[in-house]
Amino acid sequence: MVKEVTLDSSVLVSAFVKGDEFRAKARRIIEKVFSGEFRVVTSAIVFVEVCGSISRRVGADKALLVKDQLVKWDNMNFIGWSELTGKRMGEAAELAVKLKLRGMNAIVVQVAREKKRSLITFDEEMAEKAKAAVEVFTH
Amino acid sequence: MTEKYRSKVGQKGQVVVAKQLRKKHGIKEGGVVEQISTDKGVLLVPVSVDDLLEELDAVAGEIGGAWPKDVSAVEAVRQDREKQWSRK
């Protein structure tokens with residue numbers, strides 16, 4: 001059975017950085033996405049955040065390779081992007097208030113919570129706060 | 001010998017690959033095929049999980065080679081999220 005999960009940017013960035021401390025774990029997660037075990041739905045802002053985070057550290061040319069990969073994964077239906085509507089914004093704000101989450105963390109947690117998906121993040125601080133609202137897996 | 005099968009094109013260009021060809025070439029539900037435009041038409045080539053991982057690894061190699069050694073992916077995302085809300 002396919003498991004629906006929400007991936008935090010920390011997992012995607014790690015998957016794209018060979019040598020990162022959690023890269024092996026991130027690669028295994030992406031392998032499960034490719035094999036159909038996981039279906040990913042995450043915030044559309046994660047897409048932008050991953051590209052920006054990588055561009056700031058390695059430059060625009062290399063970051064474009066990442067953007068192209070994410071677009072390919074989208075075309076192959078491996079990842080669905082959840083857009084920030086007014087309703088989602090309200091729910092994310094509630095989560096931010098209740099759980100004292102950072103704004104972007106709350107937006108990602110809201111996507112997981114909306115359809116009872118499991119959240120996968122490598123950020124321990126985010127995971128600790130998010131587990132009051134969703135099932136969370138870390139490294 | 002070249003095997004030939006015909007199928008009707010459905011909505012949004014959907015076509016059913018003949019069962020015999022799916023079996024022969026390991027095309028399964030949820031799997032990925034690459035569509036290659038040729039002079040004679042569209043060629044479908046199955047893409048394996050290993051092929052997809054290889055592509056990811058190639059990009060990760062490029063990024064990893066240029067990535068600053070003192071920052072992990074988690075730290076990078078956390079730093080960006082902190083900066084988002086701070087004022088210069």
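Let's start with helix H2 of chain B and what it buries: Leu52(B), Leu56(B), Ala60(B) and Ile63(B). Look down the axis of H2(B) and those buried residues fall within an arc of 65°, so they line one face of the helix. Turn to the face pointing away from that buried side and you find the exposed residues Asp50(B), Glu54(B), Ala58(B) and Gly65(B).

Please keep in mind that this is a predicted model. The predictor gives the complex an ipTM of 0.93 and a pTM of 0.89. For chain B, the mean pLDDT is 92, with 94% of the residues at 70 or more. Within that chain, H2(B), residues 49–66, is where confidence is highest, at a mean of 97, while helix H3, residues 73–85, has the lowest, at 88.

First up is H4(A). This helix has 16 residues and reaches 22 Å from its first C-alpha to its last, close to the 22 Å expected. Which residues of H4(A) are buried? They are Ala63(A), Val66(A) and Gln69(A). Seen down the axis, these buried residues of H4(A) fall within an arc of 110°, so they line one face of the helix. What covers them includes H3 of chain A together with H2 of chain B. The face of H4(A) turned away from the buried side carries the exposed residues Ala60(A), Asp61(A), Asp68(A), Val71(A) and Asn75(A).

Next, H2(A). Its 12 residues should span 16 Å at 1.5 Å a residue, and the end C-alpha atoms are 16 Å apart, which agrees. The buried residues in H2(A) are Arg23(A), Ala26(A), Ile29(A), Ile30(A), Val33(A) and Phe34(A). They cover an arc of only 145° around the axis, which puts them on the same side of H2(A). Their packing partners are H1, strand E2 (38–43) and strand E4 (118–120) of chain A, together with H2 of chain B. On the face turned away from the buried side sit the exposed residues Ala24(A) and Arg28(A). Just after H2(A), Gly36(A) takes a positive phi of about 90°.

And since we're on backbone angles, let me show you two more residues. Most residues other than glycine have a negative phi. Asn77(A), though not a glycine, has a positive phi near 65°. You'll find Asn77(A) in the loop between H4 and strand E3 (79–82) of chain A. With 11 C-beta neighbours inside 10 Å, Asn77(A) counts as exposed. The other one is Lys100(A), with a positive phi of about 55° although it is not a glycine. Lys100(A) lies in the loop between helix H5 (86–99) and H6 of chain A. Buried or exposed, this Lys100(A)? Lys100(A) counts as exposed, because it has 10 C-beta neighbours inside 10 Å.

Let me finish with the core. The largest nonpolar core has 53 residues, and Val13(A), Phe16(A), Ile54(A) and Val109(A) touch the most other members. Helix H6 of chain A, residues 103–114, gives the largest share of this core, 7 residues. Leaving aside neighbours within four places in sequence, Val109(A) is in contact with Leu95(A), Leu101(A), Leu119(A), Ala130(A), Ala133(A) and Val134(A).

Val46(A) counts as buried because it has 27 C-beta neighbours inside 10 Å. Not counting residues up to four places away in sequence, Val46(A) touches Ser9(A), Leu12(A) and Val108(A). Thanks, everyone!

Notes: Residues are numbered from 1 along each chain as its sequence is written. Chains are lettered from A and ligands numbered from 1 in the order in which they are written. This is a predicted model: local features need pLDDT of at least 70, side-chain atom pairs count only at pLDDT 80 or more; totals for chains, interfaces and linings use all residues. pLDDT is the predictor's confidence in each residue, from 0 to 100. Helices (H or I, at least four residues) and strands (E, at least two) are DSSP runs, numbered from the N terminus. A residue is buried if 20 or more other C-beta atoms lie within 10 Å of its own, exposed if 12 or fewer, and partly exposed in between; C-beta atoms are placed from the backbone. The arc is that of the directions from the helix axis to the C-beta atoms. A nonpolar core is a set of buried Ala, Val, Leu, Ile, Met, Phe, Trp, Tyr and Cys residues joined through C-beta atoms within 7 Å. Two residues are in contact if their C-beta atoms, placed from the backbone, lie within 7 Å. The expected span of a helix is 1.5 Å times one less than its number of residues.
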